[in-house]
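Welcome! Take a moment to look at the sequence and the 3D view, then follow the briefing topic by topic.

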Amino acid sequence: MQNELEMIQTLFQYKNFGLLPFPIKPFSQELYANGEGYFLYKNALSGITISEEKIYEYFGSKKLDNCGLILGEKGNLSVIEFESESRISQLITFIKNKPKPNISDVILINLLESGFESETSILTPENKIQMWFKFSKNIPNFHWEMFKDKKELNGINLLSNGYIVAPPSAIKLNNNNIAQFEIINGKEPTKFPIEISFFFNRIS
């Protein structure tokens, strides 16, 4: 009952934030391929938010289902994901050591240094750290493992397309242990500062 209530309360919060939640298979990051779970995903993908009645009805009876959120302009959500907390420190050091830092660099440093206190932040089961923002074109979709030549972005994913698994979901890790997505700071996602062009400039 406690897990069920936590999921329902968090889904209401996501709705209030203007996000688009939908169900995902239990202990997994996989979408449903059919049935009501798939129908609710397709609705969210089309920008149709799940109703409060449906949250109670669906998640009240499927207590182990995970929760996903639509990314991008439709879901009004962009995410910066760091492989570890040390990766945040390394990025700050890289920017501070630039010969001629600009206003974008200064604002990004301030954001990274105060991120846990000032921005929506999440700890994933793999101990990755996510910062959530309202959708921003300055956070283009990027997976660092596909572009290892961009060394300053190694260990950093930018997520503005598709979907993410969100707290309080739990997944099975490679060692078969079950671990949960945890909210560090559960405030409503804010706008990503338009002055920060650091990520966009390195990817475009």
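In which loop is the place of Asn176? Asn176 sits in the loop between E8 and strand E9 (178-180). Keep in mind that this is a predicted model.

**Backbone details in loops**

- Asn176 has a positive phi of about 70 degrees, although this residue is not a glycine.
- Asn176 counts as exposed because its relative accessibility is 55%, and the cut-off for exposed is over 50%.
- Asn76 also has a positive phi, near 55 degrees, and is a residue other than glycine.
- You can find Asn76 in the loop between helix H4 (72-75) and strand E3 (78-82).
- With a relative accessible area of 29%, Asn76 is partly exposed.
- Pro168 belongs to the loop between strand E7 (163-166) and strand E8 (170-172), and the peptide bond that leads from Pro167 to Pro168 is cis, with omega near 0 degrees.

**How helices pack**

- Helix H5 (residues 85-96) and helix H6 (residues 103-113) have axes that come within 10 Å and cross at roughly 155 degrees.
- Angles over 145 degrees count as roughly antiparallel, and H5 and H6 are therefore roughly antiparallel to each other.
- The crossing in which H5 passes H6 is left-handed.
- On the H5 side, the contact is made by Ile88, Leu91, Ile92, Ile95 and Lys96; H6 brings Asp105, Leu108, Ile109, Leu112 and Glu113.
- Sorted by class, the contact of H5 with H6 has 7 nonpolar residues, no polar ones and 3 charged ones.
- Helix H2 (residues 35-45) packs with helix H3 (residues 52-61) at an angle of about 150 degrees, and their axes are 12 Å apart.
- H2 and H3 also cross in a left-handed way.
- Glu36, Gly37 and Leu40 of H2 make this contact with Lys54, Glu57 and Tyr58 of H3.
- The contact of H2 with H3 has 2 nonpolar, 1 polar and 3 charged residues.

**A buried methionine**

- Met7 is part of helix H1 (residues 2-16).
- Met7 is buried because its relative accessible area is 6%, and buried means under 20%.
- Leaving out residues up to four places away in sequence, Met7 touches Phe59, Asp65, Asn66, Cys67, Pro168 and Ser169.
- Met7 and Asp65 are 58 residues apart along the chain, yet their C-alpha atoms are separated by 9.0 Å.

**Aromatic rings**

- The structure holds 10 aromatic pairs.
- One of them joins Phe133 and Phe192 edge-to-face, at 5.1 Å centre to centre and with 75 degrees between the planes.
- This pair links distant parts of the chain: Phe133 is in strand E5 (residues 129-133), while Phe192, 59 residues apart from it, is in the loop between strand E10 (182-185) and helix H8 (198-203).
- Phe133 is buried, with a relative accessible area of 0%, and Phe192 is buried too, at 4%.
- Phe142 and Phe147 form a stacked pair, with 5.4 Å centre to centre and 20 degrees between the planes.
- Phe142 counts as buried at 3% relative accessibility, whereas Phe147 is partly exposed at 35%.
- Phe22, Tyr41 and Tyr163 are linked by ring pairs into a cluster.

Terms used
Residues numbered from 1 in each chain as written. Predicted model: local features only at pLDDT ≥ 70, side-chain atom pairs only at ≥ 80, totals over all residues. Heavy atoms only, no water. Axes fitted to C-alpha atoms, helices over the stretch in contact; angles between N-to-C directions. Helix = DSSP H or I, 4+ residues; strand = E, 2+ residues; numbered from the N terminus. Parallel < 35°, antiparallel > 145°, perpendicular 65-115°, else oblique. Left-handed = near helix turned anticlockwise from the far one by under 90°. Contact = heavy atoms within 4.5 Å. Nonpolar A, V, L, I, M, F, W, Y, C, P; charged D, E, K, R; others polar. Buried < 20%, exposed > 50% of the residue type's maximum accessible area, 1.4 Å probe, protein only. Phe/Tyr/Trp six-rings, centres within 6.5 Å; stacked < 30°, edge-to-face > 60°.
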